[in-house]
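This report describes the fold, the surface and the aromatic rings of one protein. Please have the sequence and the model at hand.

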Amino acid sequence: MFNMQITLPTLLLAPAALAATKGAGDVWAHSPRYDYIIVGGGTSGLVVANRLSEDYNVSVAVIEAGGIELYNPNITDTSKYGNAFSTLVDWQYESVPQTFAGNASQVLRAGKALGGTSNINGSSKTTNLNPTFTSDSCIRQE
């Protein structure tokens with residue numbers, strides 16, 4: 001089992017050693033250098049990049065496998081929920097056979113675009129239609 005406290009910062013926030021210069025006159029000497037490289041431009045990756053970039057002395061790069069889908073109607077039109085499934089903006093991960101699902105594999109949807117899975121979730125959210133507590137008073141209502 002890996003240690004999340006060590007692994008996560010190492011993966012997401014490690015200094016960009018790959019962009020370090022090799023020496024004067026070398027092609028690497030003229031390559032862009034970043035203090036941090038965030039791999040994955042999903043919701044979490046963009047939040048981390050935003051927080052890091054609040055320090056003007058820090059340079060941050062975000063690497064995203066997908067594109068920018070600002071004008072894709074399968075994403076921007078919430079009435080078309082599901083139209084982005086099985087397209088280029090969906091990673092379509094397949095699970096191993098699931099014992100309690102008759103050994104069927106399941107397709108796990110994940111967005112492949114700047115914004116990640118938030119792009120293909122149909123702007124859905126979970127709302128409690130019968131709240132026990134109100135946000136104003138936190139008094140139990142019966």
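## Secondary structure

The protein has three helices and four strands, taken as DSSP runs numbered from the N terminus (helices H or I, at least four residues; strands E, at least two). Along the sequence, their pattern is α-β-α-β-α-β-β.

This is a predicted model, in which local features need pLDDT of at least 70 and side-chain atom pairs count only at pLDDT 80 or more, while totals for chains, interfaces and linings use all residues. Residues are numbered from 1 along each chain as its sequence is written, and side-chain values use heavy atoms, leaving out hydrogens and water.

## A parallel strand pair

Strand 1 (residues 36-39) and strand 2 (residues 60-63) run parallel and are joined by four bridges; pairing requires at least two DSSP bridges. Tyrosine 36 has valine 60 of strand 2 as its bridge partner.

## Burial

Of the 142 residues in the protein, 15% are buried (under 20% relative accessible area; exposed is over 50%, partly exposed in between; 1.4 Å probe, protein chains only).

## Aromatic rings

The whole structure contains two aromatic pairs (ring centres within 6.5 Å; planes under 30 degrees apart are stacked, over 60 edge-to-face, the rest tilted). Tyrosine 81 and phenylalanine 85 are edge-to-face, at 5.4 Å centre to centre and 80 degrees between the planes.

Tryptophan 91 and tyrosine 93 have ring centres 6.0 Å apart and planes at 5 degrees, so this pair is stacked. Tryptophan 91 is partly exposed at 35% relative accessibility, and tyrosine 93 is partly exposed at 44%.
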